[in-house]
Amino acid sequence: MSLAEPTLVMGVVNVTPDSFSDGGEWFDAERAVAHGLDLVAAGADILDVGGESTRPGAARVEPAEELRRVVPVVRELAGRGIRVSVDTMRAATARAAVEAGAEIINDVSAGLADDAMVPTVAETGALYVAMHWRGHSDRMDSLIEYTDVAAEVRDELARRVDVLTAAGVASERIILDPGLGFSKTGAQNWEVLGRLDVLGALGLPILIGASRKRFIGSLLPDDAPMTDRDLPTAVVSALSARAGAWGVRVHDVQSTRRALDVVGAWQSGSRG
Ligand code: PMM
């Protein structure tokens with residue numbers, strides 16, 4: 001990891017049905033595009049478009065429905081010259097999104113959820129975020145046995161890197177993500193963050209997705225609204241940047257952008 005490049009801000013664009021609207025599918029897509037444009041105005045470098053929730057306990061979305069949600073939004077945002085990543089575990093969605101202009105495939109399963117993903121990444125030539133993952137959302141909270149969480153996340157991701165490079169994915173195209181909250185307790189998330197150099201030893205860029213997660217919420221009063229998690233998230237963004245992260249994936253771009261601007265000023269000051 002190096003501090004040479006400023007840490008990138010990846011803004012989250014969820015394309016999910018608005019249960020309060022009868023505006024139909026175009027309404028959902030238009031709303032997502034408008035939100036994405038707001039995030040770019042707030043300083044996002046990349047927009048991460050996803051049509052399936054991976055929150056703990058979340059049910060899966062049908063493949064056709066995921067495609068229907070994601071592709072028009074990717075096409076519209078990429079068509080405006082915005083760097084887009086697609087948040088999907090499915091090779092077919094990843095391929096369609098790349099054809100629609102996505103530059104990055106963000107796969108929370110690192111290819112474990114769909115056997116076709118690794119060959120698809122190799123064929124498309126896209127950048128690939130490989131996140132540490134042990135199982136789908138309905139059972140991930142039971143897959144939390146580690147003796148040394150930072151080392152095991154590193155080793156399990158290293159095995160995915162081996163699979164990817166053996167399939168023809170150049171290591172320059174791979175970004176690693178420790179998967180905060182995915183098969184990890186709050187304490188394990190903090191340990192992974194506090195020892196980010198362990199994962200950094202693999203020599204690949206690192207993406208951090210802490211935004212609004214339960215372990216952030218647990219620092220706050222029980223009745224605190226979700227948006228109260230944005231300030232602590234921004235602090236995690238700043239500390240991740242200091243630890244050399246390539247990028248941070250966040251819902252509230254403005255607070256993280258400001259935090260990273262502080263880091264940039266601090267670092268330029270320290271260079272004298
Ligand atoms: N977290 C979520 C979804 N996608 N992608 C990456 N690379 N890293 C993450 O930590 C990550 C992700 C789940 O969070 P959300 O439901 O709040 O978007």
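Q: What lies 2.9 Å from a nitrogen atom of the ligand?
A: A polar contact is a pair of N or O atoms within 3.5 Å. Here an N or O atom in the side chain of D87 lies 2.9 Å from a ligand nitrogen. For N106, the distance from a side-chain N or O atom to a nitrogen of the ligand is 2.8 Å. A polar side-chain atom of H251 is 3.1 Å from a ligand oxygen.

Q: On what kind of model do these values rest?
A: The model is predicted; local features need pLDDT of at least 70, and side-chain atom pairs count only at pLDDT 80 or more, whereas totals for chains, interfaces and linings use all residues. Residues are numbered from 1 along each chain as its sequence is written, and side-chain values use heavy atoms, without hydrogens and water.

Q: How many residues surround the ligand?
A: A residue is near a molecule if one of its heavy atoms lies within 4 Å of it. The ligand is surrounded by 14 residues, and D87, N106, D177, K213 and R249 are the closest.

Q: How many helices and strands does the chain have?
A: Both are DSSP runs: helices (H or I) of at least four residues, strands (E) of at least two. The chain has ten helices and eight strands. Its C-alpha trace spans about 50 × 40 × 40 Å along the principal axes.

Methods
A polar contact is a pair of N or O atoms within 3.5 Å; within protein, one must be able to donate a hydrogen and the other to accept it, and residues adjacent in sequence count only if both atoms are side-chain atoms.
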